[in-house]
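This report covers a helix pair and a sheet in one model. Please have the sequence and the structure at hand while reading.

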Amino acid sequence: MNLKHDIKDLIYNVLNELEISFYKENVVVEVPKKRENGDFSSNVAMQLSRVIKRNPNLIAQDIKTCLEKNDNVLKVEVAGPGFINIFLKDKYVFSGIANVITKKDDYGKVNIGNGKKINIEFVSANPTGILHLGTARGAAYGMNLSNILSFAGYNVTKEYYVNDAGNQINNLGASILERYKGLCGMEENMPEDGYYGDEIIDVAKIIYEKYNDKKLEESLEYFKMVGVNYLLSIIKTDLNDFGVHFDVWTSEKDIRNKGRIQESLRILDEKGLIYKKDDAVFLKTTEYGDDKDRVLIKKDKSYTYLVPDIAYHLDKFDRGFDELIDVFGADHHGYVSRLKASIEALGYDKNKLEIRLLQMVKLLRDGKVVKMSKRTGGNVTIRELVDEIGKDAARYFFAMRSLDGQMDFDINLALKQSNENPLFYVEYAHARICSILNDAKQRKVPIATNVLTINDEDSKALALKVYEFTDVVEVAAIKKEPHLITNYVYELAGLFHNYYGKHRILTDDIKDSSERLSLVKAVQITIKNALRLIGVKAMDKM
């Protein structure tokens, strides 16, 4: 049940009745912050006044007269310069509760996607080390967005792009080889851009313990392969334990081996978009809005980062996706325009590629920034975060904030077992309802199929909040903002806690108890579904 959509349809039909031409999508319906201002309100009269050149208050009065003829409308008030405040009959409001319970795990689903194919590429950290805190934020966002878009009717593919080719992998192989030499009693000569993490030493130890010094004659390719496979297995394990799973793992090496780089360069060259200058090869990205043309092939004949990325995005488009979403770190801000320009140069609509940039995360403990990992001496890892506070707390806290703002992640707050902790607050609401439902089962109090007699404002407000979920899912999918789900479920939990404090659910009045039980069951379903979208399991007991 999406009451906001129903009210929008009702207002649109009234406008047709009044012979006022107006696009339905332009009709704005909101939930007032104050209950005394109605169940829903609209500023459509003020919108229309600019179009039909008439006093908005008079337009609102005409709309009010028509709306009050509807059997589901209790009353309509016109406020201020022309706000239309709509109050609905209790019977109509509570009629949707049975639908929530019937739909159960599917409650909140919408089909605005109509099967549109979307590829979301996120994390894609180079397999040259283990995943750190900043990556965790992007991982949570990408997985949450995938869940929400799927729930909203899109056909979503979650993809990890493995950068297993190029200079960084050469340096990885060389770093492992030098550490291996050291274990074999030889002098180490680490490359200038080498990798110094403990995990590099771990790879070298694995090779040494298995083969002693017998691999000293192996080519660099061997050490690259072993390193990538080992580090990728750690990345996959850490992501799995963080509740993040991918449908596709695409290898840059495979993209190169399939000839996609040569193919993309040929397409660009045939379009006359490539030229040579100072022994380098440039792409005319300025023709597509970039601030300067970009180098594709450097003087030493090696590719810039842009070249395999162009080939990779060509490959994604050729797989038939209607839209591509890339989740990058904030340090890629300057990369956006050149990548979009390259997509357009290939002949694709650059608006079909959306790039979301995630801002930095500061980890706080006792009010102070945690800068170093106790385990590695470097940045704090996903593994350490999950081990300390748990997967659900990590996922919930990352989902609390919009991606485009810097984030303070408070470890102490995430560990608190009190209502100060927003996750505890939401989980406690769910667990409390589960306890009520179990108690009702013991007492053999049934869940009502129809809510007909309860009519207090708190019950009505709670039901209306449950119905908001479908609209929140839709807006979160359209805006690609998972934190809207987290904000919503926190507000719903707050309303329930308030309701529980004021109303006894189970009493000697079986009919009243049964109907209130139906209402809180709908709340429980909604909390569970909302938490599932952000990768959190609803607790049955606390």
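## Basis

The model is predicted: local features need pLDDT of at least 70, side-chain atom pairs count only at pLDDT 80 or more, and totals for chains, interfaces and linings use all residues. Residues are numbered from 1 along each chain as its sequence is written, and side-chain values use heavy atoms, with hydrogens and water left out.

## The sheet

Four strands form an open sheet in the order β1-β2-β4-β3, and their pairing is antiparallel. Strands are DSSP runs of E with at least two residues, helices are runs of H or I with at least four, and both are numbered from the N terminus. Two strands pair if DSSP finds at least two bridges between them. At the edges lie β1 (29–30) and β3 (73–79), each pairing on one side only.

Strand β2 (residues 40–42) runs antiparallel to β1 and is joined to β1 by two bridges. E30 stands opposite S41 of β2. Helix α3 (residues 56–67) packs on the sheet and touches β3 and β4 (83–88); the direction of α3 makes about 175° with that of β3. Contact means heavy atoms within 4.5 Å.

## The helix pair

Helix α7 (residues 167–183) packs against helix α8 (residues 198–211) at about 55°, with the axes 8 Å apart. Axes are lines fitted to C-alpha atoms, for helices over the stretch in contact, and angles run from 0 to 180 degrees between N-to-C directions. The angle therefore makes α7 oblique to α8; under 35 degrees counts as roughly parallel, over 145 as roughly antiparallel, 65 to 115 as roughly perpendicular and the rest as oblique.

From α7, the contact includes L172, I176 and R179; from α8, residues including I200, V203 and K205 take part. The contact residues divide into 10 nonpolar, one polar and two charged. Ala, Val, Leu, Ile, Met, Phe, Trp, Tyr, Cys and Pro count as nonpolar, Asp, Glu, Lys and Arg as charged, and the others, Gly among them, as polar.
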